There are 4 protein chains.
Amino acid sequence: MKTPEEYVDSLRPLKRDIYLFGEKLEDPLDHPIIKPSTNAVAMTYALAHDPAYRDLASVPSSLSGDRINRFTHLHQSAQELVTKVKLQRVLGQKTAVCFQRCVGWDAMNALDSVTHELDEAQDTDYHKRFRDFLRYVQENDLVCVGAMTDVKGDRSLSPSQGEDPDHYMHIVDERKDGIVVRGAKVHQTGIVNSHEIIVMPTASIREADADYAISFAVPTDTEGITVIIGRQSCDARLLEGGEIDPGNTQFGGHEGLVIFEDVFVPWERVFMCREYRFAGMLVERFAAYHRQSYGGCKVGLGDVAIGAASLIAEYNGVDKASHIRDKIVEMVHLNESLYSCGVACSSEGQATKTGTYLVDVILANVTKHNTTRFPYEILRLLEDIAGGLLVTLPSEKDYRHEELGPKIEKYLKGKADVPTEYRMRLLRLIENMTFGRAAIGYRAESMHGAGSPQAQRIMIARRVDFEEKKRLAKTLARIPE
Amino acid sequence: MKTPEEYVDSLRPLKRDIYLFGEKLEDPLDHPIIKPSTNAVAMTYALAHDPAYRDLASVPSSLSGDRINRFTHLHQSAQELVTKVKLQRVLGQKTAVCFQRCVGWDAMNALDSVTHELDEAQDTDYHKRFRDFLRYVQENDLVCVGAMTDVKGDRSLSPSQGEDPDHYMHIVDERKDGIVVRGAKVHQTGIVNSHEIIVMPTASIREADADYAISFAVPTDTEGITVIIGRQSCDARLLEGGEIDPGNTQFGGHEGLVIFEDVFVPWERVFMCREYRFAGMLVERFAAYHRQSYGGCKVGLGDVAIGAASLIAEYNGVDKASHIRDKIVEMVHLNESLYSCGVACSSEGQATKTGTYLVDVILANVTKHNTTRFPYEILRLLEDIAGGLLVTLPSEKDYRHEELGPKIEKYLKGKADVPTEYRMRLLRLIENMTFGRAAIGYRAESMHGAGSPQAQRIMIARRVDFEEKKRLAKTLARIPE
Amino acid sequence: MKTPEEYVDSLRPLKRDIYLFGEKLEDPLDHPIIKPSTNAVAMTYALAHDPAYRDLASVPSSLSGDRINRFTHLHQSAQELVTKVKLQRVLGQKTAVCFQRCVGWDAMNALDSVTHELDEAQDTDYHKRFRDFLRYVQENDLVCVGAMTDVKGDRSLSPSQGEDPDHYMHIVDERKDGIVVRGAKVHQTGIVNSHEIIVMPTASIREADADYAISFAVPTDTEGITVIIGRQSCDARLLEGGEIDPGNTQFGGHEGLVIFEDVFVPWERVFMCREYRFAGMLVERFAAYHRQSYGGCKVGLGDVAIGAASLIAEYNGVDKASHIRDKIVEMVHLNESLYSCGVACSSEGQATKTGTYLVDVILANVTKHNTTRFPYEILRLLEDIAGGLLVTLPSEKDYRHEELGPKIEKYLKGKADVPTEYRMRLLRLIENMTFGRAAIGYRAESMHGAGSPQAQRIMIARRVDFEEKKRLAKTLARIPE
Amino acid sequence: MKTPEEYVDSLRPLKRDIYLFGEKLEDPLDHPIIKPSTNAVAMTYALAHDPAYRDLASVPSSLSGDRINRFTHLHQSAQELVTKVKLQRVLGQKTAVCFQRCVGWDAMNALDSVTHELDEAQDTDYHKRFRDFLRYVQENDLVCVGAMTDVKGDRSLSPSQGEDPDHYMHIVDERKDGIVVRGAKVHQTGIVNSHEIIVMPTASIREADADYAISFAVPTDTEGITVIIGRQSCDARLLEGGEIDPGNTQFGGHEGLVIFEDVFVPWERVFMCREYRFAGMLVERFAAYHRQSYGGCKVGLGDVAIGAASLIAEYNGVDKASHIRDKIVEMVHLNESLYSCGVACSSEGQATKTGTYLVDVILANVTKHNTTRFPYEILRLLEDIAGGLLVTLPSEKDYRHEELGPKIEKYLKGKADVPTEYRMRLLRLIENMTFGRAAIGYRAESMHGAGSPQAQRIMIARRVDFEEKKRLAKTLARIPE
């Protein structure tokens, strides 16, 4: 298992075309906007070496028996699925942002059973290819980004109907040694911090669109890949050099638009090739694992939000007010409700045919669906408790200013024994979570990550046995079948 | 293990003072209003003998090794706590009402660890007494009602401050062979269907109120006990003799006001006697187990509600409408969210010192707190989908009327191939769940059973480690400790 | 203007076929279940003669100049629309049920402008006919029921597509002197208490269904009309003769299924005949007026709910608890939010071509849509505050029982100076509003009256100028048109 | 009435100590961060000269008869209160931010009646002083900031109990010609764009704190005043010079911390001086007017949010999806509910003793309380509809980049006929409203402006006649008084 330092060092040699603000980044890992995001991923390495978290963050590999970082592990029991959620909660607590390593983990667990079932249904060897790849990932303790969402263009049209065939990733050429693909994946969280990119289809695929039914993995520095980092709320504050105004100087996240222009993928890295019937299965399983994840990580962010609310109430001198206490209890209630969903979809997990455990699909969708609601209400309450100063606070430069500093110190003092600077630091952390960079992770990602709300509703509708429930009602109402 | 018939027969010999509508019931089990409630309890016996549910509903006793009804069992693992919830969900699905046997079960599991810890703290033998009682219950497969809620009088006053000392159950005399108690317990669900009554204090107790810190068990036909059955919405329909209008003719519930006028309790049946310091612990543990229960039983009722909604939509010809489908998905989402809480507080359970498992207390409170919200919204959606006919439907007598019957058949016909009578039966079932007898179980009991909403908020506030959460925020905001 | 007594006397001579519980009612106005509903309508007459409410409840007729009951008046200004809402709030406060006279009032105001616009578009004299009818209603101070909702059958089919052509009211014969109609209207609130029935189509109508595009008025004792009264939650309690258990012995409501079997309507009473293009306009205008109404009457019921919550909190000794006070404030907030909608859609009303004022249609739909939500939450809070005794209270007969009475008096005593009987009366009133007869008015009617929730969403979607709103966004984002 | 240009010119000569990012602004009106906020205020001048809005935005003065900008007018009728809300809605639609001029307007209307009632109660001439000031404001068409919120320090302590007496604005010296004050007001919206600052107390004041019971007006360039502009989410983007990334380049808002260090106020500008008994009245009336305002301005922002949602759905090709349409209808419903409250508290307004109309206080508080909820849900839905690209979109510089530009054009294309740049512009506008600068106005200001949520609950609880409501319940339950 790599240490955090070894992890960062292992990324440095990669030669990649990464752009931010219209400039190609020569040393992306040192860029003030990227570095906090790398720190967040590095925390997944740090915990594995931290005696307090070793069992949570590392585990003997089911493939090799060697101790590996849990983020590269195939879940071997329902309890291990629960452990995943607990690990994610801790990481959310420690970073207050997305730590980016789950999507690849979830992709690997999904591919494990799907490639097996693909092979079962036909004469292919995808599962072996995938397992070889996974062994390589485990041995080298790599970060994989899981790339699902195509850019899609006009969403009312299917891949082959659309104006531009490249709006969905597809095969443009098939060669003896592999395939050539074109397309682009958006919202690629942590792409800069990843060694490998695992591509999956974005949705179920019909026969006419078979060329779009592909899954594979390539290193992130493969020729033909261009990455454009998206800009985030308040990102520019990290360029200012201060330590208060960014709110969370240590940790952040990033997303990239990843463009594949005729990228070659060797056969040993191809895990699905035109098997359109299995595209939906891969999407559903990946989505299920990834929807489970939100019942862990976002709960960790919720813990920070609750801690911040409790602390700012204290700094403002209102922590004894009954309405404040009640609102904080409500935040806890919502956060633990979400956690309950994360735990339940895990503890109700079942083994797939490979022995890798899959979460309960309905409950995982329920978990994610609540994630599209509860964090918003938690943040609303946090904004309520924080008070108006959250959005009217003078800048760090004002506070550091010779004349203004003492005025701010005097007038923005809250509780007598708390330095004004602490109050400012805390308010900036809250701003970061409600409006700034972490709000992207806690709000927009809670909404759209692992599928937008409607995707969960569709899956719930598809999976629930309504006929069985109707029978219950008929029996009680004494209506004959 | 008793069969349902043996169970009912075992209750018949009991000579009890049970009143309903101002009359003493000579054969309460045959009363049209009581009988459906007995049927509901009997279902807990039936499942234990049903091959399809045997493992769910019965289990080898941890005390004797004999196969016993699970409703008398001490939970021996977190998985068994989950099994409890699953059993409750099935029973809720099959009865659509409260099946009344959980409260005693939860009381027994709570007493097991609390009596042990009481003995540990002082030189008493409560645990042995309790275990002897429990063996008796297991061997005879008895139903116990768990009696916690005192009548309380003016709730702003403590037991000894109040106008009437008997507003809380207390010791009025101590004899060589036992104690004499006076007081009354309200909301005693299933009292008529119970062999034994297990009394517990209603809240934490201060030293000045030590006489109120008592727990014990007595048969329900003990001298000095008077039971007055409360009246329920639409109860009188059961006296009319029809089979449609009651909505659910097979199953129901009931509650009683149970008055103890100088009832004698022998020492071997006393499990706590003036140990006021442990009253709070008993209340909290019982409440935790009982709050978990709602994550099972009410989910079963939710399944019926969802089934009824799906079916009435079909009968009305609106099952394809997108807004109807969306509302049904929302019902499922809420119901499974509640179930997730029930599962999670169970799978996160921990062993107490006796080996009996206790649920995760915070998550169990979260479970119950959601129960005070989600069923209300599920029912609101059910009322929406059912349509106005839910509350304007002619009576069964009109439908059976020679001239009116054909008119109703013609004009209240929905979908062509569904007899109007089916539609009426289904609407009456829905009415039963939204306004009638089952609404008491699904709505008011979801609100107040196992403690009103504020009780959960207080417990959540007490159990959460806010200091730890504040530290998370401080670390991220770089505020020194 | 009639007095309440004159009103009741004027109904007595009507010879009608009214059935309840399979029996034809000879004196329906004296039936214990119907009488409270007649009382509620009578209150609309009483207020007109009560000096404290005279200006609210009566007004000079815009047709004759004579002082008339406002419930027969055409609104002559936006302020009069506001007055309507205030009158409804007062009546809701005084009865806690539906007082049944709005639907006819709303039908008359809608017909006034629609018949005028019909005549404008073609060579007909509907408006004159309608105005003649209205003068008759005003002069005789009549109650009209407004009959819109057809039984519909399978709702996925249009009137003429359905299995049975009579599932929607339609013309079966046209004669020199009038038309003959067949069909049935459900949910006819207050039909027994009404002199006249005003029939309208249930929805927009296509050319193929022109025979269904009819509106007319006939006396409720017209030959061929059969009424079957629907049964309501807890209706049977009114047959028991007590004064506590019914909760609200004075006031109630009722709905009827009204079947028209080849009923003849003379031309002078026909207000629309096959003009299918105007059916939608009539439905929309009537719906708009009637959706406004809910912003008045249900607010009055909310006031009673709030008063009951405040009083039971006091009786229970918890009125000082901060969480109780907070919940009551929330009830007020929701109730006044609803009232605001009622006021706003009125004060923003505009004159139609006849000078009769029409409410703002979008805001009226918003009003009703909130009515499908807020009362449910108000009741949930009321159930929370009321405590569990709400559903476990012994019956009146137990309380009147010689031996049980004193026990109940002692043990169910709350606050020291409040007789137990008061607490029981109040709890039964609350039960009436949450589970019983008034719950039908406050919950199910709030949901489905004047159209189910989706009907409002469709109307809102249809009326909002989305293009204008898109332009706002484009201008700000500097996107050229 | 000034034109927008004259308005801006009239501010330029003011010599003020205004700081931003630690620098004193020499020409604050030209600063890229301030200028959009000045534009927003200027829109209040522009509408008054725009024939389409003239009657909305200007009005004959009740003092002079001259046509004046409505933002300096005393409301002379309930209808004029409604007009205020309509004007605010239009301005919100046109700017999508806070246009800053309401707070001073609301302060002036509140002072008008309070100073009159002050004079009535004692021998003072505050009302005349105030009216003289108001005439000056009307004649010169000035912008006044209304300064209420003190910095407060530890909020659990009263002004004179606190660690620092200057945490609340107070009199430090009284001279023959006036008073000298010290303190600081936070969250001063639009301070840079204001000619005058009207100071009011922050809360009710007890006798011991009489020195804190002051109200007065001074020019914003008065000696001793220092302004520190707070920093806002994404403010730095305005320094980058682009036209896409700021989202809304034309309009913005700002808040300042305004410090008064021994500022002299001449008697003719003092409107309350130690009359602590009237401090609460001034606070309540100002709050009522200002809470009404939110039922106008934020509705305008909601219109933009709805327009943006409709447009992005179209650009993404999902505008026909039923769940998208349903969510947009929900946004409209919430927005119009809020508007209804704004209209209702206005149309129910009553004349004060000076003839100036005051809103209905309960309904105004209800309006604001809904503002602390509905915009949050509207934005949650907007984030849902916008899709993940909202937070992962590449920067404008990437789009303008020679090589990257065409890639972005190709891959981020949505609907075929919509240029990618339009989609980017729109997404940035949405980002601005959900995370960026306008989110401060739409979210945090909706929460805390005119008082945080609890302030409204306290006011509602204080104003509602609970005894009357209890009487309603008693009458219906037949409980004697």
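The model is predicted: local features need pLDDT of at least 70, side-chain atom pairs count only at pLDDT 80 or more, and totals for chains, interfaces and linings use all residues. Residues are numbered from 1 along each chain as its sequence is written, and side-chain values use heavy atoms, with hydrogens and water left out.

**How the copies are related**

**The interface of A and D**
- In contact (heavy atoms within 4.5 Å) are 83 residues of chain A and 82 residues of chain D.
- A:R231, A:R380 and A:Y411 supply 12% of the area that chain A buries against chain D, more than any other three residues (buried area is the accessible area, 1.4 Å probe, that two parts lose on being put together, summed over both).
- There are 14 salt bridges between the two chains (a side-chain nitrogen of Lys or Arg within 4 Å of a carboxyl oxygen of Asp or Glu).
- One salt bridge joins the side chains of A:R231 and D:D245, at 2.9 Å, N to O.

**Around D:Q100**
- D:Q100 is buried, with a relative accessible area of 3% (buried means under 20%, with a 1.4 Å probe and protein chains only).
- Leaving aside neighbours within four places in sequence, D:Q100 is in contact with residues including D:S37, D:N193 and D:H254.

Methods:
Chains are lettered from A and ligands numbered from 1 in the order in which they are written. Buried means under 20% relative accessible area, exposed over 50%, partly exposed in between (1.4 Å probe, protein chains only).
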